[in-house]
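Let's take a walk through this one together. Have a look at the fold, and then we'll go through a pair of helices and a few charged pairs.

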Amino acid sequence: MFFFYKECFQEESQPGAITNLVQSQHKYAMKEEGIQRLKDADLDRIEGTRHQYAQIMADTYGGLYVDVAALKTWRKDHISYPLSYLDFEWETYAFPPYEGMKPFDVLTFQFSLHVEEEKGKTLQHTGFIGEKDCRLAFIEALLASVPKTGTILVYNMEGAEKLRLVQLAQQFPQYEKALMQIWERMVDLSLPFSTGNVYDVRMAGLFSLKTLVPIFSSYHYEDLAISYGLDAVAKWREYQESEGTKKQQIYEELTQYCAMDTYAEYIVYHALEGFMDV
């Protein structure tokens, strides 16, 4: 999906570059006028969002901006142990292949779950990979795995994992109450970044897990056999048609990829903890 990105967008995005200014109408005009850095942005031509403020402050004061008070409030209001780190993978069908599905409905075929019972304790991991119409098996495995209490941290949950659970509840109303108890405990781990409470100039205007993980750790998605969500979908299609050693290999690759997402959530959350505990 990114085969020709570098050919179309040849300019490398550097940390602190004015072109990284998010939601900015005038950043390219400022660049043409010789303004290269976020810290030098023309304040009369910025929209004044909190995220922009965080970017400019980060570039002005050593590369990192953290609103510690806001993070502590977020933690106090939303975080309780055990902490669950959750991620789904799914396939989208233009033509509904199974009963109860509509055109362009989504079928969740995999989840990864890391659970941290207490702060700093060893993580426990479990997961699920289904085949064909695995919706009921997915629901039952998820309900059996997710702790009944505590916060469930999910990255960009509103248009992804939470929406997937709402759709499953509509398709299988007998599980609606149980699934609702999960999505009501979800907390979006991306919010401290998307709202401008934390900004590192190395983010270059982005805040995906793939961007944050190498900033806060030595891990890289590129080290995995599967590095992107669309690759995972393609591998899942292949997995269902494979047998023997090949099937087991793909199973392990899918497991490693989805588990990396939930381990990445763990890395990112504890990086935030580090900012709060300084």
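What follows covers a helix contact and then some salt bridges.

Keep in mind that this is a predicted model. Let's start with two helices, α5 (residues 135-145) and α6 (residues 161-171). Their axes come within 11 Å and cross at roughly 115°, and the crossing is left-handed. Who actually touches whom? On the α5 side you'll find Arg135, Phe138, Ile139 and Leu142, and they meet Leu165, Leu168 and Gln171 from α6.

Another one joins the side chains of glutamate 91 and arginine 237, at 2.7 Å from N to O. Glutamate 91 sits in strand β2 (residues 83-93) and arginine 237 in helix α10 (residues 229-241), so this pair ties together parts 146 residues apart in sequence. Glutamate 91 is buried at 6% relative accessibility, whereas arginine 237 is partly exposed at 46%.

Helix α10 also holds glutamate 238 and lysine 235, which are 3 residues apart and therefore separated by about one helical turn. Their side chains meet in a salt bridge of 3.9 Å, N to O. Glutamate 238 is partly exposed at 32%, and so is lysine 235 at 21%.

Notes. Residues are numbered from 1 along each chain as its sequence is written. This is a predicted model: local features need pLDDT of at least 70, side-chain atom pairs count only at pLDDT 80 or more; totals for chains, interfaces and linings use all residues. Side-chain values use heavy atoms; hydrogens and water are left out. Axes are lines fitted to C-alpha atoms, for helices over the stretch in contact, and angles run from 0 to 180 degrees between N-to-C directions. Helices (H or I, at least four residues) and strands (E, at least two) are DSSP runs, numbered from the N terminus. A crossing is left-handed if the near helix is turned anticlockwise from the far one by less than a right angle, and right-handed if clockwise. Contact means heavy atoms within 4.5 Å. A salt bridge is a side-chain nitrogen of Lys or Arg within 4 Å of a carboxyl oxygen of Asp or Glu. Buried means under 20% relative accessible area, exposed over 50%, partly exposed in between (1.4 Å probe, protein chains only).
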